[in-house]
Amino acid sequence: MALVNEHYLKLKAGYLFPEITRRVKAFTDANPEVEIIRLGIGDVTQPLPPAVIDSLHQAVSEMGKPETFRGYGPEQGYQFLIDLILANDYEARSVRLDSDEVFVSDGSKCDSGNMQEIFAADNVIAVADPAYPVYVDTNVMAGRTGEADAQGRYHGLYYMPCTEANDFLPELPDRKVDIIYLCFPNNPTGVVANPQVLQAWVDYALENQAIILFDAAYEAYITEEQIPHSIYEIPGAKECAIEFRSFSKTAGFTGTRCAYTVVPKGLVARTASGEPVSINQLWNRRHTTKFNGVSYPVQVAAAAVYSDEGKFQVRELIRYYMENARIIRETLTSAGFTVYGGLNAPYIWMKTSGGMSSWEFFDQLLAEAHVVGTPGSGFGPSGEGYFRLSAFGNRENIEEAVARIRNKISP
Ligand code: MLT
């Protein structure tokens with residue numbers, strides 16, 4: 001008899017974004033004439049930069065000729081892409097990494113979700129609350145938690161509430177934890193961490209032999225000079241942190257799929273008997289067993305992001321979305337809403353009207369303004385009473401959406 005992994009049964013409802021899609025579909029089925037504006041899931045809307053498209057075409061053509069056709073590539077990624085990553089994303093910021101510390105993959109969602117597999121079941125996991133749901137759900141699936149309580153807090157996880165009172169920055173744990181998920185610029189709140197904040201986390205991790213899983217998928221949206229783009233800009237981080245980076249939000253690759261994860265060779269965790277084990281080697285073992293690499297054309301396309309034209313075009317793309325963020329932030333603020341984020345991140349984190357719950361506000365916005373956002377409570381119990389708007393829409397939609405919210409919804 002086949003038995004299921006019962007840990008999956010602890011998961012609350014569906015994954016957040018499919019649940020939003022379900023509710024929106026129910027609404028549009030009942031109101032087919034209504035034009036909905038979707039600022040829910042953080043999915044890009046602008047086409048891939050021309051430099052990326054040119055390279056993609058070229059690489060696809062290579063695949064059609066016997067002399068340039070390629071089969072399996074290295075699971076960890078082609079050297080040409082890894083070299084560009086090292087030079088542009090790290091050496092340019094005075095961070096030295098080796099080629100075999102970079103693992104190219106098809107997404108940071110997969111990598112940040114899969115990484116927990118190489119760690120023992122009895123690690124204490126710390127997550128910010130609210131947080132990208134993948135961190136929590138994958139640990140639930142792996143059996144590292146008990147059931148969720150009425151607020152949706154899973155027994156056994158260490159939650160770090162991020163609220164107005166602490167400027168949405170998680171506080172250092174008051175006990176020993178083993179694995180810490182951090183995301184800066186933050187999804188969903190849009191806040192960033194300065195070097196002092198990150199240094200405190202690195203110091204905590206080194207002192208407690210903990211490992212930080214640092215999600216930097218939105219680093220390209222940092223506008224303030226003093227904010228680190230990589231955790232490895234912080235002394236000691238190479239001994240305690242793994243970093244996730246993605247081309248999705250940086251260069252419009254959400255549907256094209258390319259990302260990478262950095263696992264430094266200095267990073268060790270221990271067996272129960274105290275023997276040190278290289279995390280880089282374990283991840284390499286997992287990656288090469290379960291993954292066959294990102295397709296050649298997509299890696300060539302990702303490499304184009306680092307060409308002069310590619311860099312220019314990507315900067316323009318980011319400028320476009322950040323102007324959207326400014327429009328949302330300023331319009332809603334002047335309409336009387338309390339609004340955070342949107343300065344170094346493509347997300348706006350707003351308070352719901354009059355103490356409404358996040359899902360009530362979602363339903364009201366959908367029904368009255370015909371705008372879709374993401375309920376803050378979907379990111380964790382401390383997100384209750386908040387709502388996330390994505391700045392990844394096209395300009396016309398963004399302007400129309402905020403006008404509708406201003407006209408139809410009272411703060
Ligand atoms: C989000 O909306 O939080 C993101 O688009 C989800 C993701 O990147 O997987």
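Hi everyone, a definition to begin with: Ala, Val, Leu, Ile, Met, Phe, Trp, Tyr, Cys and Pro count as nonpolar, Asp, Glu, Lys and Arg as charged, and the others, Gly among them, as polar. This is a predicted model, where local features need pLDDT of at least 70 and side-chain atom pairs count only at pLDDT 80 or more, while totals for chains, interfaces and linings use all residues. Residues are numbered from 1 along each chain as its sequence is written, and side-chain values use heavy atoms, with hydrogens and water left out.

Let me start with the domains. The protein chain is divided into domain 1 (6-47 + 309-408) and domain 2 (53-307), with bounds that come from an automatic or database domain assignment. Taken over C-alpha atoms, the centres of domain 1 and domain 2 are 24 Å apart. Domain 1 brings 37 residues to the contact and domain 2 brings 48 residues, where contact means heavy atoms within 4.5 Å.

The size of an interface is often given as the accessible area lost when the parts come together. Between domain 1 and domain 2 about 3500 Å² is buried, and carbon and sulfur atoms give 59% of that area. Buried area here is the accessible area (1.4 Å probe) that two parts lose on being put together, summed over both.

How many salt bridges does the rule find across the interface of domain 1 and domain 2? It finds one, a salt bridge being a side-chain nitrogen of Lys or Arg within 4 Å of a carboxyl oxygen of Asp or Glu. The structure as a whole holds 19 salt bridges. Glu 164 pairs with Lys 351 in a salt bridge, and their closest N and O atoms are 2.8 Å apart. Another salt bridge joins the side chains of Glu 316 and Arg 319, also with an N to O distance of 2.8 Å. Glu 316 and Arg 319 are three residues apart in helix α10, so about one helical turn separates them. Helices (H or I, at least four residues) and strands (E, at least two) are DSSP runs, numbered from the N terminus.

Now to the pockets. On a 1 Å grid over the protein atoms alone, a cavity is a set of points where a 1.4 Å probe fits but cannot get out, and a pocket is an open set with protein on both sides within 12 Å along at least five of seven lines; lining residues have an atom within 4 Å of a point. Grid points are joined across faces, edges and corners, and a volume is the space filled by probe spheres set on the points.

The largest pocket has a volume of about 770 Å³. Its lining has 28 residues, and Glu 219, Ala 220, His 229, Arg 315 and Ile 318 are the closest to its centre. Two or more lining residues come from each of α3 (79-90), β7 (241-246) and α10 (308-334). Which element gives the largest share of the lining of the largest pocket? That is α10, with six residues. By class, the lining of the largest pocket has 14 nonpolar, five polar and nine charged residues. Domain 1 and domain 2 each give at least three residues to this lining.

The second largest pocket has a volume of about 580 Å³. Of the 25 residues lining the second largest pocket, Asn 123, Gln 209, Val 268, Ala 269 and Arg 270 lie nearest its centre. Here α6 (195-208), β9 (268-270) and α8 (279-290) are the elements giving two or more lining residues. This lining of the second largest pocket divides into 15 nonpolar, five polar and five charged residues.

There is one cavity of 30 Å³ or more in the structure, and the largest cavity has a volume of about 70 Å³. Its lining has 14 residues, with Ala 128, Pro 170, Leu 182, Cys 183 and Asn 186 nearest the centre. Strand β5 (residues 179-183) gives the largest share of that lining, three residues. The lining of the largest cavity has 12 nonpolar residues, two polar and no charged.

Last, some backbone details. Asp 129 and Pro 130 are joined by a cis peptide bond with omega of about 10 degrees, and Pro 130 sits in the loop between β3 (125-129) and α5 (133-141). Phe 184 and Pro 185 are also joined by a cis peptide bond, with omega of about -10 degrees, and Pro 185 is in the loop between β5 and α6.
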